[in-house]
Amino acid sequence: MAVTGKKGKQIAVLTGGGDAPGLNAVIRGIVVKAKSLGYDVLGILDGWKGLLDCSHCGVLDLDQVSDIHMLGGTILHTSRTNPYKVENGPQKVKDNLKKLNCDFLIAIGGEDTLGVANKLFKEGVKVVGVPKTIDNDLNETDYTFGFNTAITRATESIQNLHTTAKSHHRTIVVEIMGRHAGWMTLESGIAGGASVILLPEEPFDLNEICNILKNRKKKGKNYAIIACSEGAVPKEGQMILQTGEKDAFGHVRLGGIAERLSEEIEKRTGIECRHVVLGHLQRAGDPTVFDRVLGTRLGVKAADMIDKREFGKMAALKGIDIIAVDLNKAVGKLKTVPKERFDEAKLFFETD
Ligand code: F6P
């Protein structure tokens, strides 16, 4: 496979962080648009790791990306490697881009991957970003691709759990991904008819939850579904950590809140409880129509931004348009669920 393309006409592309359905649609969009503008696209493997050790899959041709927008995962693979945590990492990235004859770079990722892209831009790398995360917690874009697929999966699960919860007169606590932002829990909880929604943004009151469940019981509703973000925390407590481990970006591995919560509710109310952790099922498999189309449009825009020399920017969805925004504004602070959105959801806690 060819390593180098035309001088001044080759774009390196990488996907970093957790995979999100729609990544392949972005890659396809980039390759098709870039080719039409006379560029070659070099596929870097395993996110930033690939630019540290020069691993790539060669120049992507149209056949290699044909129809991949329908597939989940990423054909370029991914990692959570942070070049700023590796000795001389940023310089290695720059040297390797040169070695690979790539004047330009498109980084597809979330807050961490794009944070690195932003720093590299400030060090002279001609980079464009594409926002990816199932968490939907990136600023400067209305939605990130992957989110729609993840909430579709979570909604299906929450909705389906109603029949088993009802049959057994149980409360089922469903743990949904999202460490710091509860967008997935909020939207799938509303759509799937959860009786209680718990987000990282709003520490929960265990007594309040138990009262809601007891009131439901009084009204003859002997079952409930609680949609709970993995990062949700009780008012009186600390985050529950599954392991003390942290990744290269300093994120602790979460998990365990649904199990703890279901034990505690059962103890306090006598209601039989179970818990389910949706975990990676939320981001596994093929993207929804929305994510296929959004990913495709973002990819096309990113290649166009390279051609227009709009470096240090990110392709973003604003309303129905795909526009270029400053990477600097998109990273650094997460987009979390505002209180008004949570209050809206809370209105339904006692009704359904
Ligand atoms: O950022 C996406 C995400 O799926 C989060 O919702 C979740 O907390 C995390 O990644 C899980 O990371 P990993 O796949 O590395 O376990």
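Which residue lies over the face of Tyr223, and at what distance from the ring centre? Arg216 does, at 5.0 Å from the ring centre.

Some ground rules before we go on. The model is predicted, so local features need pLDDT of at least 70 and side-chain atom pairs count only at pLDDT 80 or more, while totals for chains, interfaces and linings use all residues. Residues are numbered from 1 along each chain as its sequence is written, and side-chain values use heavy atoms, with hydrogens and water left out.

**Exercise 1. Find the charged end that sits over the ring of Tyr39.**

Step 1: Know the test. A charge sits over a ring if NZ of Lys or CZ of Arg is within 6 Å of the ring centre and within 35 degrees of the ring normal.

Step 2: Look above Tyr39. The charged end of Lys9 is there, 4.1 Å from the ring's centre.

Step 3: Ring pairs join Tyr39 to Phe104 and Phe311 in a cluster. (Rings of Phe, Tyr and Trp, the last with its six-membered ring, pair if their centres lie within 6.5 Å; planes under 30 degrees apart count as stacked, over 60 as edge-to-face and the rest as tilted.)

**Exercise 2. Describe the aromatic pairs of Tyr143 with Phe147 and with Phe290.**

Step 1: Start with the total: the structure holds five aromatic pairs.

Step 2: Take Tyr143 and Phe147. This pair is stacked, 5.9 Å centre to centre with 20 degrees between the planes.

Step 3: Now Tyr143 and Phe290. Here the pair is edge-to-face, 6.1 Å centre to centre with 80 degrees between the planes. Tyr143 is in the loop between β5 (127-131) and α6 (147-168), Phe290 is in helix α10 (residues 289-307), and they are 147 residues apart. (Helices, H or I with at least four residues, and strands, E with at least two, are DSSP runs numbered from the N terminus.)

Step 4: Buried means under 20% relative accessible area, exposed over 50%, partly exposed in between (1.4 Å probe, protein chains only). Phe147 has 2%, so Phe147 is buried. Tyr143 has 32%, so Tyr143 is partly exposed.

**Exercise 3. Work out which residues of helix α4 (residues 89-99) are buried.**

Step 1: List them: Gly89, Pro90, Val93, Asn96 and Leu97.

Step 2: Turn to the face away from the buried side, which carries the exposed Lys98 and Lys99.
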